[in-house]
Every structure is written in C-alpha cells, then in structure tokens.
Amino acid sequence: MGHFLPTFFWPMHPVAISVFGFLTSNYALLAHDGRALDLNDHMKHHHYHNCNFGLYWGFWDYLCGTRYSKEKYPKEYIPSW
C-alpha cells in the first residue's frame, strides 16, 4: 500500500507505479539486510526495538527522541551474520 499512496494525490502511469514499487521494495530488502544501503542504521531497531523506526531517513527519530545512542543503549549490537 505504501508506494500506491501517492496516486491518491497525483495521477501516475501504472508502469511508473510498478517501477517505483519495485525499487522501493528492493531498497527495503537491502536495508533490512543490514550490510548494504542501511543508511538509517535500521537494523539496530530490530535488536533494541525502541529506536531507529525510520527505514529511509531518521528525521522523525531525531524529532521524537527515538534515535539510537550509546548512552541509551550501552550494550553493543553485534550482528549474527
């Protein structure tokens, strides 16, 4: 539903919607991998559960105080891959 939401505000060609959806889905998969394109350190959200909720950018995490910091989470996250 996420990449179809803009069509409620401005019309888009069905091919453009499909390409945009494909690209954003691939980015989400790569960002959840934690190794490539995790620009917002989103993998820490899956370990600590209370920080880094944003997948694409951390603006709302900064604004709402949910951004990861070593003071709030002193235990170091070591990926298991």
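Confidence in the chain is lowest in α2, at a mean of 78, and highest in α3, at 84; the score here is pLDDT, the predictor's confidence in each residue, from 0 to 100. Over the chain, the mean pLDDT is 78, and 86% of the residues reach 70 or more. Where pLDDT is low, the predicted coordinates should not be read in detail.

This is a predicted model, in which local features need pLDDT of at least 70, side-chain atom pairs count only at pLDDT 80 or more, and totals for chains, interfaces and linings use all residues. Residues are numbered from 1 along each chain as its sequence is written, and side-chain values use heavy atoms, with hydrogens and water left out.

**Overall layout**

- The chain has three helices and zero strands, where helices (H or I, at least four residues) and strands (E, at least two) are DSSP runs numbered from the N terminus.
- Read from the N terminus, the elements go α-α-α.
- Of the 81 residues in the chain, 31% are buried; buried means under 20% relative accessible area, exposed over 50%, and partly exposed in between (1.4 Å probe, protein chains only).
- Take the contacts between residues at least 6 apart in sequence: 24% of them join residues at least 24 apart, a contact being heavy atoms within 4.5 Å.

**The core and Y68**

- The largest nonpolar core has six residues: M43, Y48, C51, Y68, Y73 and Y77. Such a core is a set of buried Ala, Val, Leu, Ile, Met, Phe, Trp, Tyr and Cys residues joined through side-chain atoms within 4.5 Å.
- Which residues does Y68 touch, leaving aside its neighbours within four places in sequence? They are K44, Y48, C51, N52 and Y73.

**Aromatic pairs**

- There are two aromatic pairs in the structure. Rings of Phe, Tyr and Trp (its six-membered ring) pair if their centres lie within 6.5 Å, and planes under 30 degrees apart count as stacked, over 60 as edge-to-face and the rest as tilted.
- Y48 and Y68 are stacked, because their ring centres are 5.3 Å apart and their planes sit at 25 degrees.
- That pair links distant parts of the chain, with Y48 in helix α2 and Y68 in the segment after α3 (59-64), 20 residues apart. Both Y48 and Y68 are buried.
- F59 and W60 make an edge-to-face pair, at 5.2 Å centre to centre and 75 degrees between the planes.
- F59 has a relative accessible area of 48%, so it is partly exposed, while W60 is exposed at 52%.

**Cysteines**

- How many disulfides are there? The count is zero, taking a disulfide as a pair of cysteine sulfur atoms within 2.5 Å.
- C51 is buried, at 0% relative accessibility, whereas C64 is exposed, at 53%.

- H46 belongs to helix α2 (residues 43-48). With 39% relative accessibility, H46 counts as partly exposed.
- H49 sits in the loop between α2 and α3, and its relative accessible area of 53% makes it exposed.
- H49 isn't a glycine, yet it has a positive phi of about 70 degrees.

**T24 in the helix α1**

- T24 lies in helix α1 (residues 14-33) and is buried, with a relative accessible area of 18%.
- The T24 side chain reaches the backbone oxygen of G21 at 3.2 Å.

Methods
Polar contact = N/O pair within 3.5 Å; in protein donor to acceptor, adjacent residues only side chain to side chain.
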